[in-house]
Amino acid sequence: MSAIATVDCDVLVVGAGPAGLAAAGAAARAGAGVVVLDDNAGPGGQIWRGAGAGVAAPDARAAAPWLDALEHPRVQPLAGARLFAQPAPGLALAETPAGPLAVRHVRAVLCPGARELFLPFPGWTLPGVAGAGGLSALVKSGTPVAGQRVVVAGSGPLLFAVARELKRHGARVLLIAEQAPRGRVARFAAGLWRWPAKLADALAHRAALAGVPYRTGSWPVEALGGEALAAVRVSDGRRVREIPCDRLACGFGLVPNAEPARLFGCAIAAGGAVATGARQETSVPGVFAAGEAAGIAGLEAALAEGAIAGLAAAGAGEIPAGPRRARERARAFGAAIARAFALRDDLRALARPETVVCRCEDVTRGALADQPGWRAAKLHTRCGMGPCQGRVCGPAAEFLFGWGAESVRPPAFPVRLESLAAAGEVPPGGTEGP
Amino acid sequence: MSGSPSPDALVVGAGIVGAACAWELARAGVRVSVLEAGLPGGGATAAGMGHVVVLDDNEPEFRLAKLSHELWSALAPELPAGAEFTRPGTLWVAADGEELDAAARRAAAYDSRGVAAELLDARQLAEAEPELRDGLAGGLLVRDDAVVYPPCVVPWLLDGARRAGAQVDAGRRVAAIEGRAVRCADGGRREAAWVVLATGAWAPELVPGLPVRRRKGHLVVTDRYPGFVRHQLVELGYLKSAHGTGSESVAFNVQPRPSGQLLVGSSRQLGVDDDAIDHRLLSRMLRRALEYLPGLARRHALRAWTGFRAATPDGQPLIGPWPGHDGLLLATGHEGLGITTAFGTAWLVADMVLGRPSPLPREPYLPARLAGSAP
Amino acid sequence: MSARVTLSVDGRAVAVAAGASVAAAIEAAGVAVFRHSVTGTARAPLCGMGICQECRVTIDGEPHRLACQTACAEGMRVETAAAGGSRGVGR
């Protein structure tokens, strides 16, 4: 048995998005040796995807000082590294392009971000239908959209950023359909003065998207096409319009990626985010969480929480007031978003009995209708048993049926058998436990 | 419970064994009530491989497995599609000449007792399963061994039992067995002429002192790789490890599912109650599988999980009365053969309830043989 | 940013910017269907960030690789549904 590649560090940071970058920088500056794992090819997370690759992204300037954390001599960034197991406290296993890797650490900061909430509607499995953040991520990684007609739909301020990104890459954005009603969105916009940075973002989006219709109280009810998308039908509750298009970018908000924290045994708060305290500590000693995984509140919250978690994980005694105040302000913004963009009940009725809910195993809504709960659905219909491990259909089923998720077991992501086989063969660690 | 007459039989536990007992009893005209604490078929029934295998390590095991295999085969056409009943056959893999000699003896024994089996030499083995590593000696192919998805068989059995008049209570935990009655955790009490205990590895919780121990196992399922292997592949050394008395063992055991996925096993561990993945043992188990199927290394594992087999000291199940407990019939202790032998077990239980003769000797399975032995 | 990488998608040569994902190369090659689902329906990337597994293709002979999280490399061989790379054994 060959011992697997092993690195040792004081602080393991999972995720190289804003929270992870802030955590890594803060911990390193406080004297800790840091390893940063991220499953993407480059750092930046979703919002700053590609910002470190020399691509002329508008966010590159904002991202640059935070990306500098990865240049710190005490920080070792590992791209393309996917956390999949925690065989023992202080030991994390990742799959990397070079094979499995063991990271022995004293403390961990979990910053795995969020994913989009996808809700099933007829035609949502057609090629050409992607998430809103999903299409944005694809485009940032080079997927061509120039000259294509795109409808952006779903919910939340993310839709503006996505539309803007698509437009910047030459797409023709035909419509932004926001499911939240006009009144709530208007109240949210009117309150934006409390977060000047967000207000500036909103104004910049509005300028960049001049001429793109934004309709509140509108949502997609069906995607049409044969082997690929041809049109989308959008409803405002009274009438349905059919819009020919090449792509539909549709996401209904964000879901915390709580799986790494569940893998580490951390408690989960109501709403699905990782439960954290004042120092971003989780219920497990030595394990911290920051960013969207610890509650959907946006970029500023992620940066503040990451800095606090990084300091705490490095053993700093006092947490400076600056990041604490920034965190409170940003969390209030997150709460305002949650109120303004709460999902309407109409969305529960979009999926027909024959509409697929679980895309990995092609389980339809009709097949799930009789099931008493998530575990029964898994056992009897294979829902959630495919390679996404329920990450897409789980939150959808929770929205549709009120089912709760189960515990997370290794492998937390699909990995090669050789990686899983290596998980029990790590040489004894020289570091202290958390 | 007032108003309706007491059932003739209360079946405690709706795994594959309890569900088969309820189904068999109800169809035989017995008034049956089933009590299941959790999700029917959600325990060891869902955790295992679903291998219907005619094992021949000893005579009682062979008889019960063969009878049960015949019952499965007879039912196969009626099972729902979700039961995924297929017959890939079991290919016992011989690593060396000594194992091939053992395979030859087993082939002859199977053949003499009406089980289709054939011996493969090294070349035939490689043709049958090209992904197996080079240098293996041969194999024993038991053609009719089957594979099933038990979690979808259990609801079908319970539906059948209901149609024959049975009552099924899922989510009702039995807290105690009190003579010819059970007391539920919610305070209710039910009486019956017979209490059939089919709670697998958890049976000692209701009947303290039962010689049943939990033997933990691990399994891994992969993404879809149709055609990667074609038969249920088991190393011939499996029987040694499966029936070994050591506290821990692994064996190469890979099953192709009709979906194209592969189930990868197996491990056995006594004296562990924690259901968490044991990475050290999981690694040993996977390394063993990779020794036989090197191409598995880069295939993707989707999930790993554990389950608890109900192990007895002599490897035979406990089917029948337990001394000192009037009206109690045990249907547990099936170890790794619960799926295979569920229907044979149900048949024996029904025979006992109805006072019928049985098609095979009951004595090897009667719990009384172990009365007084330490669990 | 002028660096280009050439790879093959379903046997056709495609040149993309260095750093582009395999998902981008597949679309640049004019391929819309990445894979077929277990019941045979056409699929393409949904989440774009390694979650949904809809972008699985065969890369250099290894099936079920995520196109959205794999960066293109010179000489890489990518097979989509059209090449049987979706449900294939990948041998």
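This is a predicted model: local features need pLDDT of at least 70, side-chain atom pairs count only at pLDDT 80 or more; totals for chains, interfaces and linings use all residues.
Residues are numbered from 1 along each chain as its sequence is written, chains are lettered from A in the order in which they are written, and side-chain values use heavy atoms, with hydrogens and water left out. Local features need pLDDT of at least 70 and side-chain atom pairs count only at pLDDT 80 or more, while totals for chains, interfaces and linings use all residues.

Let's start with chain A. Its domain assignment gives domain 1 (5-115 + 255-337 + 414-422), domain 2 (120-251) and domain 3 (346-401); bounds like these come from an automatic or database domain assignment. Take domains 1 and 3 of chain A: their centres, taken over C-alpha atoms, sit 30 Å apart. Each of these two domains puts four residues into the contact, where contact means heavy atoms within 4.5 Å. Together they bury about 360 Å², 59% of it on carbon and sulfur atoms. (Buried area is the accessible area, with a 1.4 Å probe, that two parts lose on being put together, summed over both.) On the domain 1 side, R115(A), E259(A) and P414(A) supply 87% of the area buried against domain 3, more than any other three residues.

What about polar links between those two domains? There are zero salt bridges, a salt bridge being a side-chain nitrogen of Lys or Arg within 4 Å of a carboxyl oxygen of Asp or Glu. One residue pair is in polar contact, both residues being at pLDDT 80 or more. That term covers a pair of N or O atoms within 3.5 Å; within protein, one must be able to donate a hydrogen and the other to accept it, and residues adjacent in sequence count only if both atoms are side-chain atoms.

Now zoom in on E292(A), in the loop between strand 17 (287-289) and helix 8 (299-313) of chain A. Helices (H or I, at least four residues) and strands (E, at least two) are DSSP runs, numbered from the N terminus. E292(A) has a relative accessible area of 16%, so it is buried; the cut-offs are under 20% for buried and over 50% for exposed, with partly exposed in between (1.4 Å probe, protein chains only). Leaving out residues up to four places away in sequence, E292(A) touches G113(A), A114(A), L254(A), P256(A), A297(A) and G298(A). A polar atom of the E292(A) side chain lies 3.1 Å from the backbone nitrogen of G298(A).

Two other loop residues of chain A lead over to chain C. D362(A), between strand 18 (356-358) and strand 19 (363-364), counts as buried because its relative accessible area is 11%. Its side chain makes a 2.7 Å polar contact with the side chain of R43(C). T125(A) sits in the loop between strand 7 (114-116) and strand 8 (129-130). Its 15% relative accessibility is why T125(A) counts as buried. Not counting residues up to four places away in sequence, T125(A) touches V356(A), R359(A), A42(C) and R43(C).

Finally, chain C against chain B: eight residues of chain C are in contact with eight of chain B, and the two chains bury about 860 Å², 47% of it on carbon and sulfur atoms. Two salt bridges are counted here. R298(B) and E62(C) form a salt bridge, with their closest N and O atoms 3.6 Å apart.
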